[in-house]
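Welcome! Here is a friendly walk through one protein model, written for someone meeting it now. Please keep the sequence and the 3D view at hand as you read.

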Amino acid sequence: MSEFLYLHHQVHYTVGFERALLFDPSRSSHRFVPNELVQCLLNSHGSSIKSFKQRCRRSGLDADEILKELLDNELVFMASRGLAKRFPPITTVFKSPWTIHTASLVLSEEVGEHLSCLEAIRLRCLKIVCNDRLALLRGHLDSLVDMSLSYLSFVVPDQESAIELDALIEGHPLSTRVSEKIIDGNEEPRSGTDGQSGGSTAQTRSEMSVKHFNRIVFSLDVHREASSYNTFYNARIHVTADGGVRYSEDDPTDLIQLKELHRLMSTINNKNDVLRLFPLWGVTKEQIDVCKDCELRMVCMDARRPVRRFDGEWFHTVECTYNPYICKWKGEEGYRSLAECGVVSNVDGFSIDHERIAAINAELWGE
């Protein structure tokens with residue numbers, strides 16, 4: 001019986017400028033492969049082994065070695081014609097029960113009203129930025145328990161505040177609901193005061209961690225979300241002390257007041273209604289300069305805010321710590337900035353010096 005080559009549906013492929021990412025979420029595994037291999041695979045689902053090998057050879061690949069590696073790692077399989085039809089593709093559509101799933105809230109005198117609005121919105125995750133006003137939480141601990149959050153964190157200014165927070169919630173059911181306490185500064189935790197309460201963990205948020213913009217998350221949900229939304233901004237809000245709603249803590253502009261957002265939530269029928277309020281949620285990596293050439297774009301959560309150019313395209317004013325044109329992270333030997341590679345991405349436009357990049361890659365990788 002003749003056997004044909006099939007791609008496992010759970011394996012996802014993202015083609016970048018220099019290489020491609022193969023991501024298998026069911027095994028939490030990934031690998032980087034030549035772009036040419038992905039092109040061979042995408043045209044080979046259900047084809048004969050002979051045809052696949054011919055495509056590989058035309059692309060300059062070692063067909064026998066490639067096929068063995070793909071089969072050994074279960075990235076493809078061989079079966080009789082028609083058998084693979086019994087295994088339908090995994091849906092790539094992103095679905096979420098939360099219109100807004102994450103919020104950060106600056107503690108203020110209006111904490112009761114703000115928590116009431118956020119409870120009605122139905123959040124999954126909440127971060128409370130306490131500053132030096134922890135006493136304002138007193139009387140609202142029950143409200144935080146009633147919100148039934150999957151994740152609750154507190155940001156406090158120093159170790160003394162972390163201890164004060166522990167004392168405030170000690171003996172209350174909330175003490176077992178706190179996921180994380182973050183000390184906003186460079187102060188080291190002191191001996192015997194690790195800030196733990198229930199299941200929570202104290203962390204120190206250093207200057208370096210704040211400046212590291214990228215978080216690579218190999219998750220099927222993130223991969224699905226990235227196809228339609230910005231995985232950092234989507235469904236997230238920040239609420240200021242006076243009730244202004246912004247994209248994030250670093251954003252200087254209020255988009256709407258929390259009271260008004262609470263009122264509008266009952267009239268929202270679909271995601272497009274929300275995107276009119278928060279357009280950045282819908283700006284995918286495929287729309288952003290440089291990001292659209294990156295093989296990591298479908299698994300990257302990037303805190304940099306994209307900016308829209310006069311031509312309708314999007315770009316970043318701050319350069320990423322990864323350069324997809326040479327496959328190097330900042331700090332690695334051989335790293336070059338975008339400018340050094342001849343890549344221009346700014347308010348005036350986007351351009352790539354392909355010859356310069358080719359010369360750099362030949363130097364780095366011998367290509």
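Leu105 stands opposite Val239 in strand E13. That strand covers residues 236-239 and pairs with strand E7 in the parallel sense over four bridges. Two strands count as paired if DSSP finds at least two bridges between them. The strand and helix names come from DSSP too: helices are H or I runs of at least four residues, strands are E runs of at least two, and both are numbered from the N terminus.

This is a predicted model, in which local features need a pLDDT of at least 70 and side-chain atom pairs count only at pLDDT 80 or more, while totals for chains, interfaces and linings use all residues. Residues are numbered from 1 along each chain as its sequence is written, and side-chain values use heavy atoms, with hydrogens and water left out.

How confident is the predictor? The pLDDT is its confidence in each residue, from 0 to 100. The protein averages a pLDDT of 87, and 90% of the residues score at least 70.

Why is strand E7 largely enclosed by the rest of the structure? Five of the five residues of E7 (residues 102-106) are buried, so the strand is largely enclosed. Buried means under 20% relative accessible area, exposed means over 50%, and partly exposed lies in between (1.4 Å probe, protein chains only). Thr102, Ser104 and Val106 point one way from E7, Ala103 and Leu105 point the other way, and all are buried.

E7 also pairs in the parallel sense with strand E8 (residues 125-129), over five bridges. Here Val106 has Val129 in E8 as its bridge partner. Together with helix H4 (residues 111-121), E7 and E8 make a right-handed β-α-β unit. Right-handed means that, with the strands pointing away from the viewer, the path from the first strand over the helix to the second runs clockwise.

Now to the open sheets. Strands of a sheet pair through backbone hydrogen bonds, either parallel or antiparallel. Five bridges join E3 (residues 20-24) to E4, and Phe23 stands opposite His30 in E4.

Two bridges join E1 (residues 4-7) to E5, with Leu5 opposite Ser47.

Finally, the cysteines. A search of the whole structure finds zero disulfides, meaning pairs of cysteine sulfur atoms within 2.5 Å. For Cys130, the nearest cysteine sulfur, that of Cys125, is 17 Å away. Cys130 counts as buried, at 0% relative accessibility. The sulfur of Cys341 is 10 Å from the closest cysteine sulfur, in Cys327, which is too far for a bond. Cys341 also counts as buried, at 0% relative accessibility.

Technical notes. pLDDT is the predictor's confidence in each residue, from 0 to 100.
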